[in-house]
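Let's walk through this one together, question by question. Have the sequence and the structure open beside you.

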Amino acid sequence: MSLLDSAVTGAPLERREGLLRGYLPVVLAVLVLGLVPPLAGGSRYLVSVATLLVVLVTYGVAFNVVFGGTGQLLLCIGALAAVAAYTSALLSGELGWPLAITLPLGVALATTGGAALSWLAVRRRLDTIFVGVVTLTASLVVHNLLLGRRELTGGETGLVVQAGSGTALRDPVLGYYAVLALLAVGLAGHRAIQRSALGWAFRAIRDDAEAAALAGIDVARTKVLAAAVASALAGAAGSLYAHVEGFVSPTTFAFATVDVRVIVAVAFGGLGTLLGPVVGGVVVTLLDEVLRPLGQLRLAVYGAVLLVLFLAVPRGAVPAVGWSWHRATARWRGRGTSPAGGR
Amino acid sequence: MAIVLDGSVLGLQLAVLGVGISLVFGLSGVLDLAYGAKVVAAAIVGSLVLAGGGPVLLGVAVTVGLAVVLSLGIDRTVLAPVYRRHGEARVVLSLLVTLAVAFVIDGVLVSRWPHAAFSLAVAGPPVDVLGVRMRGGSLLAAGLGLVALAATFLLLHTTRAGRAIRCVIQDEEGAQLCGIEPARVRTVVVVLSGALAGVVAVAQGLASSVAVADGFDLTILAVVVAVVGGLGRVAGAAVAGVVLGLVHALATATVGASATWVVLLLAAAVTIVLRPEGILGLGGRAPRRHTARWSRRIAGPDRTTDDDAADRAGEGRG
Amino acid sequence: MLEVRDLHAGYGELAVLHGVDLSVGVGEVVALIGANGAGKTTLLRCVAGLHRPSAGALTFDGAPLAARSAAAIARAGLRLVPSDRRLFPQLTVRENLLLGAHPRRVASADLRRVTALFPRLAERWGQRAGTLSGGEQQMVAVGRALVGRPRLLVLDEPTTGLAPPLAAELYAALASLRTETGITVLVAEQQLPRVLAMAERGIVLERGRVRHRGSSTELADDPAVRRAYLGVG
């Protein structure tokens, strides 16, 4: 199995391929994204778009781990990010607690929330769509609470994040590298999971949870673990973004702003693939920026483009590219096996 | 009493929404995220007819007609590739494709008629119902919802076409083996679901108004009602709609408007978690088998091998 | 009545049938014999229009089946009873049977014939099909096919998952149906003695190819067949 195949299909590499080669796709992706600030030529606007892109990709990695990995349709990535971000911003802002305490606390709260939802779904044996709708209602509840408790959250107008002002996080470029560092951790973590026994457990569960249980995999624990990891990553990304931006509002984390874009990005990039969220996130962000001059018609054209993309590459761009690459090289390598996975 | 009546007015509309989206899902595993957008599109075009001085009945006819045409049009074009996939792949692709369709419809509406709203004012003084003063429009909306639901049930349970629909919902391949054409049944269901979307638009226009931005919320409400009712179960969706309408009215009266949504959504989430098989339950059948039902049904013939078939036959034992 | 010529079929890149020829004449009972994975189910699904063959010709009463939908084939009188039965679990036994003749009404004589054949179904008349035992479900499935007045009844492993007494009961019912009506039957089966007792001819399928064909007595005496399917010889 070649390096590219493995990056594409998310299949664990055999250990003899070595640590360096296993993580090469992660390193390359992060290096490319790291070139943005020098190339932006001091444009604050470009850096802020890129920051949002990296945060979106990080959310995407989280969603990819939990849905692409274990088939749990967690539609509350934005809400989990909001929980972590508001917790940290409010505790630091109102009570003056240091970021070093409130940031982990917010992430812990989001992790607990995501894991609890997953545990509930596993306990009640909810199907994909049911998990999706329960987590969707959870994220709408969070959204409405943020809107409703305006004496705390500022409601619709949003909240200026006091904590973190004056720190390095508020420097646009350093802030960008901070969120990029988190993405690097997320991608490397996903890679590590793929290479470990846990990765096999994920694949087995996604294929057939019952068969996985019969094979001795603790399905409930694995699913809850995946949800916890994803929630922690999403919470950390949301919280970090709040402190880098210095401002949060319910819209920042709304279902339509975060989850819809995450689903679109991950689905387009390729569900369950390592680099799918990166490719999908870049395409979604580029599409947003390119279509901006269209004004009100933007949404319609965006939808039409997505429609074409989804129908043209229903499995996602990364697997599609990988598949053509594999086809092209299969003859040369003299064997006609097909890459596994990458649904 | 006022709570019950208000709740029923809203609840009947939610019921129609839920039934409309649930029918299609039950039949084909396509969860239509463009459902709310279709309602809004039909309503806005209806409002244009009214704004142009057209008679009210023409406006209503155009609204319902457009909803049907949109439904069929979308089903025949962009959903065709979705129907060629099976199992979970179909469910996921249908979510993405209908989401994109919703973007297209919303985008066109927002850019062309950003401020349009569809509203059917009903003249006349409020009417006393059981001691509660109700607006004529609300009563008409409730009546329309009730008629639409009753008509749907009669169609499903007394006609041969309805029996064919129920069969395909339960087991598409079994229906084919009995000589029922799933494609024809799907056409009937898509038309029915579109007509129900039109009914929601008209009823909402009677009770209050439909604005351009309402599509997303309508879709979410429809999905929540359908899932609380037990996806694909028409009676469940109807009951779930009315119950959630009552919860909404009760919450508005007790905890105030701002927390109403939180209460409603929590009620929905708790119901789903406690009864994933739907608010009505299954009459003795184990929920596990029910939830497996549609995924097995749309698992499709082209993934079956001899060994698969032999394995699956084993499930029926005992 | 049914002609299968050089049929190839598979799933994606996996080929299951490699050129199968088969014919069933009016009034015949033909057994299709083979182990798991031999391609029996795929062949029958192609015949019923549920699976599209990659190559080959299928004709029923001289008319090609390729362009027809599974539902149209069923209405034309070729009825498949699949091994997983495909009943409507939420409908009662009676409703399941009534659907067999869609879109026509079911003649009460047809229903009576089914209850005469399977008396236990009369006891279960108002019960949901999903709550029946495997054997009873199989009887409903066969009954549902019969009320459609098929000219060719196709059975896919009708005794899979059935306890031996129930399997015997089912074959007894099929045999009496056969003597009463002279119906044409194509039946796939792994239980040789039972099916060969009813069938006139048999076809042995192995890994997607016809390995033997002959009369029931020839097959029952063939040492290779006996070794492979009867565990003796």
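Q: How many positive and how many negative side chains does chain C have, and how far apart do the centres of the two sets lie?

A: Lys and Arg count as positive and Asp and Glu as negative, while His and the chain ends are not counted. Each charge is placed at NZ of Lys, CZ of Arg, CG of Asp or CD of Glu. On that basis chain C has 29 positive and 21 negative side chains, with the centres of the two sets 6 Å apart.

Q: Before we go on, what kind of model is this?

A: Residues are numbered from 1 along each chain as its sequence is written, chains are lettered from A and ligands numbered from 1 in the order in which they are written, and side-chain values use heavy atoms, with hydrogens and water left out. Local features need pLDDT of at least 70, side-chain atom pairs count only at pLDDT 80 or more, and totals for chains, interfaces and linings use all residues, for this is a predicted model.

Q: Which residues of helix H4 (residues 108-117) of chain C are buried?

A: Helices (H or I, at least four residues) and strands (E, at least two) are DSSP runs, numbered from the N terminus. Buried means under 20% relative accessible area, exposed over 50%, and partly exposed in between (1.4 Å probe, protein chains only). In H4(C) the buried residues are Asp110(C), Leu111(C), Val114(C) and Leu117(C).

Q: Why do the buried residues of H4(C) line one face of the helix?

A: An α-helix has 3.6 residues a turn, so residues three or four places apart point the same way. On the other side of H4(C), Arg112(C) and Ala116(C) are exposed. The arc is that of the directions from the helix axis to the C-beta atoms. The buried residues line one face because, seen down the axis of H4(C), they fall within an arc of 125°.

Q: Which helices do the buried residues of H4(C) pack against?

A: Contact here means heavy atoms within 4.5 Å. The partners belong to chain C. They are H3 (93-98), H5 (119-123), H6 (134-146) and H7 (164-181).

Q: What is the radius of gyration of chain A?

A: The radius is taken over C-alpha atoms, and the globule rule is 2.2 Å times the number of residues to the power 0.38. For 343 residues, a compact globule would come near 20 Å. Chain A agrees, at 20 Å.
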